[in-house]
Amino acid sequence: MAVLVTGGAGYIGTHTCVELVSAGFDVVVVDNLSNSSRAALQRVEKIIGREIPFIDADIRDRAALQEIFGQWQFEAVIHFAGHKAVGESVQQPLRYYQNNVEGTLTLCDVMAEHGVKRLIFSSSATVYGDPVTVPITEDFATGATNPYGASKLMVEEILRDCCKAPGSALQVSLLRYFNPIGAHESGTIGEDPRDIPNNLLPYVAQVAVGRLEQLSIFGDDYDTVDGTGVRDYIHVVDLARGHVKALQKLLDPATAAGCFTYNLGTGNGNSVLEIVQAFARISGREIPYRIAPRRPGDIAACYADASRAERELGWRAEFGIERMIEDTWRWQSGNPEGYAGDE
Ligand code: NAD
Ligand code: WQD
């Protein structure tokens, strides 16, 4: 059963390809390598012991997509392709809307032309804006504080409208990820930011390995356990398996047409200081840090109520924070320059 994975050479996409193949699916990847490398997929191929058909194309390129959909018959599409840096989206809003919104529109159009009706979309906990309380359930109010978040909300809305159209057979799973971290247990694939990392874990990992000097902790005066920001970190392999479960649900003949929304998180929160201390202990490295001003747009605490995914998909996160950090460290220490050495 073939599944098209857009953005499949990226961080979450590579891990999801591994889990899809272990679950018995055939995978085809389309990626324009704007934030990833061919080497990442080659390493996936080593893990799974077989080749993955790969097309180097932009999902906004309609002709390229048409050719791909002409060549394979897909049961479903898992759609990761997009830009994801919040700060960059404030600087370059059009680039974000063009890639994230226009890309999805073109993809959906070509899917419709070829009668492909199942789509899993990478949404984000960022759509909850600054939540009134935690844990966050799927029916909380949504709101965007930056163009990246707005692009995710727009795509969610567009997909809901498409599902509501009279006679629509479309089946969509909107997966709202919390904070994915960690890496495959082999230590051969992981997160490999192109520039200085924006996210906490890759930053801490690069400090630990000596690529960066010092971590700035953005604020220690939040109303949280120790004043630093609290987030729901989820192992990327758990997240990948959530996609397999969501796909199996869409493929279940008992599943009706429509749009289904799920939080994918662990339901637990960890503070920045807790992460830094655990990382130092597990890696045996010092993590120099300083307390810096709050980062604009940041919130105090964000963690999921993931019980709907457990109830309806039979999925729950299995790995705890220690394992997430061990796997991050195995990847980072074994590949201090990421995939760069392979090319
Ligand atoms: P990533 O940048 O590692 O992967 C995205 C992939 O999409 C990259 O390989 C990139 O080259 C590709 N891509 C981008 N635009 C494309 C286009 N127009 N055509 C073809 N390929 C294109 O990011 P990731 O962390 O794996 O995230 C995957 C998805 O999950 C994204 O949509 C992101 O917004 C979403 N998400 C990520 C996080 C996170 O913290 N990593 C959290 C919530 C949601
Ligand atoms: C986590 C905590 C920071 C870096 C972002 C996006 C979100 C989603 C996941 C895509 C916060 C603190 C961070 C640093 C720090 N991505 N921090 N020093 O902000 O929860 O979520 O990534 O959808 O949309 O907004 O993740 O890893 O950037 O930050 O102190 O150098 O670490 O303030 O409390 P965030 P993050």
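Guide: Welcome! In this predicted model, helix 1 (11-22), strand 5 (118-124) and helix 6 (147-164) each give at least two residues to the shell around ligand 1. The largest share, three residues, comes from strand 5.

Visitor: What makes a residue count as surrounding ligand 1, and how many do?

Guide: A residue counts if one of its heavy atoms lies within 4 Å of the ligand. By that test 27 residues surround ligand 1, and Asp-31, Asn-35, Ser-36, Asn-99 and Tyr-148 are the closest. Sorted by class, the shell holds eleven nonpolar, eleven polar and five charged residues.

Visitor: Why is the pairing of Asp-31 with ligand 1 called a polar contact?

Guide: The cut-off for a pair of N or O atoms is 3.5 Å. A polar side-chain atom of Asp-31 lies 2.6 Å from an oxygen atom of ligand 1, so the pair qualifies as a polar contact. Ser-36 also brings a polar side-chain atom, 2.7 Å from an oxygen atom of ligand 1.

Visitor: How much of ligand 1 does the protein bury?

Guide: Taken alone, ligand 1 exposes 820 Å², and the protein buries 95% of that.

Visitor: How do you know where empty space is left?

Guide: Rolling a probe the size of a water molecule over the atoms shows it. A space is called a cavity because the probe fits there but cannot get out.

Visitor: Which residues line the largest cavity?

Guide: They are Tyr-11, Ile-181, Gly-182, Glu-191, Leu-201, Pro-202, Ala-205, Thr-328, Trp-331 and Gln-332. Helix 7 (200-208) and helix 11 (321-334) each supply at least two residues of this lining. By class, the lining has six nonpolar residues, three polar and one charged.

Visitor: Why is Arg-308 called partly exposed?

Guide: Buried means under 20% relative accessible area and exposed means over 50%. Arg-308 has 22% relative accessibility, so Arg-308 falls in between and counts as partly exposed.

Visitor: Where does Arg-308 lie, and how far is Arg-308 from Thr-261?

Guide: Arg-308 belongs to helix 10 (residues 307-313). Along the sequence, Arg-308 and Thr-261 are 47 residues apart, while in space their C-alpha atoms are 8.9 Å apart.

Definitions and conventions. Residues numbered from 1 in each chain as written. Chains lettered and ligands numbered in written order. Predicted model: local features only at pLDDT ≥ 70, side-chain atom pairs only at ≥ 80, totals over all residues. Heavy atoms only, no water. 1 Å grid on protein atoms, 1.4 Å probe; cavity = no way out; pocket = protein on both sides within 12 Å on 5 of 7 lines; lining within 4 Å. Helix = DSSP H or I, 4+ residues; strand = E, 2+ residues; numbered from the N terminus. Nonpolar A, V, L, I, M, F, W, Y, C, P; charged D, E, K, R; others polar. Polar contact = N/O pair within 3.5 Å; in protein donor to acceptor, adjacent residues only side chain to side chain. Areas by Shrake-Rupley, 256 points an atom, 1.4 Å probe, with all protein chains shown as cover. Buried < 20%, exposed > 50% of the residue type's maximum accessible area, 1.4 Å probe, protein only.
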